[in-house]
Amino acid sequence: MVGFSIPMLGFLLFCCLAVVTESATYLKYKDPKQPVGVRIKDLMKRMSLAEKIGQMTQIELSVATPDVMKNYFIGSVMSGGGTVPAPKATPQTWINMVNSLQKGSLSTRLGIPMMYGVDAVHGYSNAYNATIFPHNVGLGVTRDPQLIKKIGIATALEVRATGVPYVFAPSIAVCRDPRWGRCYESFSEDPKIVESMTEMIPGLQGALPANSTKGVPFVAGKKKVAACAMHYVGDGGTTNGINENDTVISLEGLMSIHMPGYISSVRKGVATIMMSFSSWNGKKMHANRDLITGFLKNKLKFKGFVLSDWEGLDRITSPPHANYSFSVEAGISAGIDMVMVPFNFTEYIDVLTYQVKHNIIPMSRIDDAVKRILRVKFVMGLFENPIADDRLANQLGNPQHRELAREAVRKSLVLLKNGKSADKPLLPLPKKTTKILVAGSHADNLGYQCGGWTITWQGFSGNNLTIGTTILHAIKNTVDPTTQVVYSENPSAEFVKSNKFSYAIVVVGEPPYAESFGDNLNLTIPDPGPSTIYNVCKAVKCVVIVVAGRPLVMQPHLSSTDALVAAWLPGTEGQGVADVLYDYGFTGKLARTWFKRVDQLPMNVGDPHYDPLFPFGFGLTTKPIKA
């Protein structure tokens, strides 16, 4: 028998304890060398019901605190339209806020990181000093998927500059009726154009590796963000273009018009898909199990997670929240994985917990949802890099991104008329002349230029809430220094006649709006736009620029204009508008039909009653002075 000294026994005991401790602390789900499937399985078996339901909960910043994150195991936080950590917040302020909440999540028993999400429908639309790109209605005009991919790359960098890893973008709606208040979020009435523009997804997330499994989400690292294709499905086809209304269409029509963008998004590895408030043939999309579970998850093999829209479960009933227990059962059973609550999260958690414990919703449905959410978080690298740093802070408003946005503006403009007759074009305009007039409500208003979903949900008026170049200032930057530029927002006819202007540029259009606030059954140019056009254009040669999220009624004004330009909602880089008026050639072709009268709507290319003012694909060109 061999004897051991007391010190030797102590050393052996220490070694044994070290081995036991090491094996006890090794957690497969925290090991990035393990396959994602193994990590998910390992973490799932450790999770309680409360921890699982917490992962299925997305709350709004205004109700989020580190203690809330810790106590309720919240899976995701989001900024609603305009909710920010502070007015004109710097990247560091954003980063500090995100990290504060993240530390609450990491302090839980299992340390599952939360994912923070923001709107980024045309650049990082919540953040002060971000590059605001043209809205999709203009980008569709470019028919340039590679440009859209570059915009995705730039947007991802600007969002990551503030420590945020998840965006609600792109919108892949197919707007079939411009009366819809979200039509500007749609690239085109043509599903082929919309499908091609899903190239935004590899821009945001990174290009999918060649050997990827179909439907599995992919995010390529700390300079990329998880994307969200929205809103599934048919939101752009509602009756009379009324937001959140019923899309009445056959299955064949739904699949051929509204579904191609989602099929393409899933193929490109999109991480998440957001549900639409709208219905399909009377059934709320948030409760449509056949299309969520049956088609999206089972048929398309989508392996990311499905997110509700804002209070989307509440709106399953009419009035909203009339029977919340029913709504939770209907939405979760249909296949929604994460719920954008966004405020009353304890009610949602309590209702869902009760339903699981009483076998109303099976545990298998909860497990499916949580696996999907965890898969996205693992793929994003959140477990390895949960805390944001400031190394990308200089990307917000990056001059190269602003140049890209300026290029996108140039390519998105459509020249609808050029001269009273074809042999006497007005454009390009001369830079050197005696005196010119710039007029109209939208000539010197950055907020109007950007439209809705900019800084605040409904957008803003004026030039003080973010940084950019108005069309007026762009014109002043472009013309010869000897040319006098006179600005009058709404000049009288007498003023115009008495000043002997060489020519005038009139910039009119719609004020900003978002969602239902933009539903519009008449689509006329708001006052004082018509009188501005009349007063100016009857006295001097004029080009009218329409800044709007959709075609507007132009027939009454067309004869009085010398030239007409559709500028859509160009964003912060108004210099792109002046570029094309003076130096660059017009190249844009309409990606949606320009109607004559509202009573023609809905009217899309290919319809038997097609009688437009300007047809789909129309767009005059000019020769560039600059290449």
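I take a contact to mean heavy atoms within 4.5 Å. With that in hand, I looked up the contacts of this predicted model. Among those in the protein with a separation of 6 or more, 77% join residues 24 or more positions apart.

**Overall build.** I counted secondary structure next and found 22 helices and 17 strands in the protein. The radius of gyration came out at 27 Å, close to the 25 Å that the globule rule gives for 627 residues, so the protein is as compact as a globular protein of that length. I also boxed the C-alpha atoms along the principal axes, and they fill roughly 115 × 55 × 40 Å.

I checked burial: 62% of the 627 residues count as buried.

**Charges.** My tally gave 63 positive and 50 negative side chains. I then located the centres of the two sets, which lie 6 Å apart.

**A stretch from the record.** I turned to UniProt, where an unreviewed entry lists residues 413-621 as "domain: Glycoside hydrolase family 3 C-terminal". Over residues 413-621 I found 19% helix and 15% strand. The end C-alpha atoms of this stretch are 10 Å apart.

**One residue up close.** Is Q102 buried or exposed? Its relative accessible area is 2%, and buried means under 20%, so Q102 is buried. I placed Q102 in helix α5, which covers residues 91-106. Leaving out residues up to four places away in sequence, I noted that Q102 touches P113, M114, L382, P386 and I387.

Notes. Residues numbered from 1 in each chain as written. Predicted model: local features only at pLDDT ≥ 70, side-chain atom pairs only at ≥ 80, totals over all residues. Heavy atoms only, no water. UniProt positions renumbered as here; feature names shortened; annotations may be inferred. Helix = DSSP H or I, 4+ residues; strand = E, 2+ residues; numbered from the N terminus. Buried < 20%, exposed > 50% of the residue type's maximum accessible area, 1.4 Å probe, protein only. Rg over C-alpha atoms; globule rule 2.2 N^0.38 Å. Lys, Arg positive; Asp, Glu negative; His and termini not counted. Charge placed at Lys NZ, Arg CZ, Asp CG, Glu CD.
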